[in-house]
Amino acid sequence: MRYDQYRRANLPIGSGVVEAACKTLVTQRFKRSGMRWGMAGGQAILTFRSVIQSGRWERAWSLVGNDFRKSVQVVTAHDPEVLDPAA
């Protein structure tokens, strides 16, 4: 690594930044009292937390949002109504 160039560019060169990111991204969410995570659920949480914390939510959602949208039928006493997320 070219430490001198990275320091002049004010770039982090130690592991402290990575360790802090792991703490805020992973540890604070996964190690709460009583929490248990499987691989699929844990990965989903990490993926969403990472795009939220990176400030890239709008861009990420525009790429994957359609995979999560489903039509929902709301039934009331008077009239059923279908809510289409694409509308």
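Reader: How many aromatic pairs does a search of the whole structure find?

Author: The model is predicted, and a search of the whole of it finds three aromatic pairs. In general, a pair of aromatic rings is described by the distance of the centres and the angle of the planes. Take Phe30 and Trp37: the ring centres are 5.2 Å apart and the planes meet at 25°, so this pair is stacked. The cut-off that decides the matter is that planes under 30 degrees apart count as stacked.

Reader: Is Trp37 buried, partly exposed or exposed?

Author: Trp37 has a relative accessible area of 33% and is therefore partly exposed.

Reader: What is the geometry of the pair formed by Phe48 and Trp57?

Author: The Phe48 and Trp57 rings form a tilted pair, with 5.7 Å from centre to centre and 45° between the planes. Phe48 counts as partly exposed at 29% relative accessibility, and Trp57 likewise counts as partly exposed, at 30%.

Reader: Which residues form an aromatic cluster?

Author: One aromatic cluster is formed by Phe48, Trp57 and Trp61. Of these, Trp57 is found in helix H4. Leaving aside residues up to four places away in sequence, Trp57 touches Phe48, Val51 and Ile52.

Reader: Which residues of H2 and H3 make the contact?

Author: On the H2 side the contact is made by Thr24, Leu25, Val26, Arg29 and Phe30, and on the H3 side by Gly42, Ile45, Leu46, Arg49, Ser50 and Gln53. By class, the residues of this contact of H2 with H3 divide into five nonpolar, four polar and two charged. Phe30, listed here for H2, also belongs to the stacked pair with Trp37.

Reader: How do the axes of H3 and H4 lie?

Author: The axes of H3 and helix H4, residues 57-68, cross at roughly 145° and come within 9 Å. Phe48, Val51 and Ile52 of H3 make this contact with Trp57, Ala60, Trp61 and Phe68 of H4. The contact of H3 with H4 has seven nonpolar residues, no polar residues and no charged residues. The members of the aromatic cluster, Phe48, Trp57 and Trp61, are among the residues that make this contact.

Reader: Let us turn to the backbone. Which residue has a positive phi although it is not a glycine?

Author: That residue is Asn10, whose phi is about 55°. Asn10 has its place in the loop between helix H1 (3-8) and H2. With a relative accessible area of 69%, Asn10 is exposed.

Reader: How much of the protein chain do buried residues make up?

Author: Buried residues make up 7% of the 87 residues in the protein chain. As for contacts between residues at least 6 apart in sequence, 12% of them join residues at least 24 apart.

Methods. Residues are numbered from 1 along each chain as its sequence is written. This is a predicted model: local features need pLDDT of at least 70, side-chain atom pairs count only at pLDDT 80 or more; totals for chains, interfaces and linings use all residues. Side-chain values use heavy atoms; hydrogens and water are left out. Rings of Phe, Tyr and Trp (its six-membered ring) pair if their centres lie within 6.5 Å; planes under 30 degrees apart count as stacked, over 60 as edge-to-face and the rest as tilted. Buried means under 20% relative accessible area, exposed over 50%, partly exposed in between (1.4 Å probe, protein chains only). Contact means heavy atoms within 4.5 Å. Helices (H or I, at least four residues) and strands (E, at least two) are DSSP runs, numbered from the N terminus. Ala, Val, Leu, Ile, Met, Phe, Trp, Tyr, Cys and Pro count as nonpolar, Asp, Glu, Lys and Arg as charged, and the others, Gly among them, as polar. Axes are lines fitted to C-alpha atoms, for helices over the stretch in contact, and angles run from 0 to 180 degrees between N-to-C directions.
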